[in-house]
Amino acid sequence: MSAPAKFFAKPVNNFYILAVSSLALSVIGLVMVFSASSIHSLDTRGNAVAIVLRQGFFFALSIPLAIYLSQRSLTQWRWLARFGLLISVAILAFLQIPGVGKTVNGNTNWIALPFVDVQPSEISKFLLILWASYLLANQEKNGKTRINVFALITPGFMVVIFLILLGRDLGTACVVAAILGGLLFVSGVELRLLGTLVAAGAVVLAALIATAGYRAARFLVVLDPFAAEQYKNAGWQPAHSLLGLASGGIFGVGLGGSRQKWGNLAEAHTDFIFAVIGEELGLLGTLAVLALLAALIFSIFKIALRCKDPMSRYVGSGIGCWIAVQTVLNIGSATSVLPVVGVTLPFVSYGGSALISLYIGLGYIFGSALRDPEVSNELQKAIERRRLRTS
């Protein structure tokens with residue numbers, strides 16, 4: 001067996017990969033949020049570090065939260081899972097109360113609190129995965145027919161997607177729909193039924209795009225964002241994102257040296273942070289981020305596959321799909337391969353609700369790994385060896 005094969009054959013190494021990749025992405029995110037947001041922060045808040053300090057606060061809060069959640073028992077998670085859909089619907093419906101929801105760039109998906117804006121749709125992603133996994137695990141234990149899987153979780157997802165669309169957030173709705181598709185696939189639903197769902201979703205998506213002028217413009221501009229009739233309108237963001245990526249070359253122009261963040265990319269620290277990474281750190285920087293994201297997703301699925309508890313397998317698969325799909329949508333927007341959908345790059349983009357929700361999901365995954373006897377024994381041995389070396 002080759003050295004890489006031996007390395008990946010040890011379950012504890014998946015735990016290490018998950019920990020290292022998530023922390024590395026978060027640290028890179030802090031650095032790049034500071035670089036990408038400093039001009040915008042100085043202009044809007046009078047302080048170049050105001051935005052990154054806020055992101056640092058959320059990161060500092062996320063780590064102990066993930067550690068705490070990793071120590072929760074399956075009984076406690078199952079208790080929460082029973083109410084996952086109800087909580088998701090409640091917090092999303094709360095946005096529709098006049099005067100409660102805050103509108104940003106046309107999307108009403110935030111609740112403005114005294115010190116922070118909260119995005120309920122982010123936490124609803126994890127709660128939906130938890131709820132659906134609980135039902136799918138029970139269905140698997142009871143040995144019901146596979147056709148029931150579709151009717152079991154799809155209506156709940158449809159309600160949540162409808163509420164998200166009421167806030168005009170098509171990007172988040174697409175992520176939630178993709179999570180549904182991933183969970184149905186891993187549950188073993190018939191591919192013909194899954195294909196029918198995908199086709200129906202494509203028809204609905206096409207209708208949503210065709211009936212909204214700004215969505216149609218974003219869709220069409222993918223073909224040529226530099227076109228004269230599109231460049232100063234819907235093509236502005238993707239065009240300058242491509243300019244940033246192209247000007248970075250192999251090694252980049254240097255950290256902090258981005259030109260596009262000086263007003264050309266209005267969402268430089270959120271939706272288009274990948275373009276700033278490409279401009280400042282070059283091709284090598286973007287490949288490093290992609291490698292870390294790939295390692296993170298790989299480790300999540302590997303840990304999920306080893307879980308003896310069916311609910312944990314489904315939760316791990318759902319979280320893996322969530323991060324993978326959101327990564328594809330964000331980078332696809334930044335490279336003008338996909339229309340701009342307004343979703344963040346996991347662990348890297350600015351956003352407290354997104355970061356905390358992701359670390360809540362990681363808390364569950366870490367807990368799943370720690371419940372593996374082989375992983376827990378290896379970690380205990382590593383702690384003992386470290387104690388002996390320091391004594």
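Two strands count as paired if DSSP finds at least two bridges between them. Helices (H or I, at least four residues) and strands (E, at least two) are DSSP runs, numbered from the N terminus. What you have open is a predicted model, in which local features need pLDDT of at least 70 and side-chain atom pairs count only at pLDDT 80 or more, while totals for chains, interfaces and linings use all residues. Residues are numbered from 1 along each chain as its sequence is written, and side-chain values use heavy atoms, with hydrogens and water left out.

**Stop 1: the sheet**

Look for Thr103, which stands opposite Thr108 in E2. Then find Lys102, whose bridge partner in E2 is Trp110.

Now bring in E3. A hairpin of four residues connects E2 to E3, and these strands pair in the antiparallel sense over two bridges. Here Ile111 faces Val118 in E3.

With the three strands shown, you have an open antiparallel sheet in the order E1-E2-E3. E1 (101–104) and E3 (117–118) stand at the edges with a single partner strand each, so one side of each is left without a neighbour in the sheet.

**Stop 2: helix H6**

Next, select residues 120–142, helix H6. The expected span of a helix is 1.5 Å times one less than its number of residues. For the 23 residues of H6 that gives 33 Å, and its end C-alpha atoms are 33 Å apart, which agrees.

Is H6 mostly covered or mostly uncovered? It is mostly covered, with 17 of its 23 residues buried (under 20% relative accessible area; exposed is over 50%, partly exposed in between, with a 1.4 Å probe and protein chains only).

**Stop 3: two helices side by side**

Show H11 (residues 236–248) and H12 (residues 273–306): their axes come within 7 Å and cross at roughly 30°. Axes are lines fitted to C-alpha atoms, for helices over the stretch in contact, and angles run from 0 to 180 degrees between N-to-C directions. H11 and H12 are therefore roughly parallel to each other (angles under 35 degrees count as such).

Which residues meet here? Among them are Ser241, Gly244 and Leu245 in H11, and Phe274, Ala275 and Gly278 in H12. Contact means heavy atoms within 4.5 Å.

**Stop 4: Leu25**

Finally, select Leu25 in helix H2 (residues 11–45). At 0% relative accessibility, Leu25 counts as buried. Leu25 touches residues including Val289, Leu292 and Phe347, not counting residues up to four places away in sequence.

Notes: Parallel < 35°, antiparallel > 145°, perpendicular 65-115°, else oblique.
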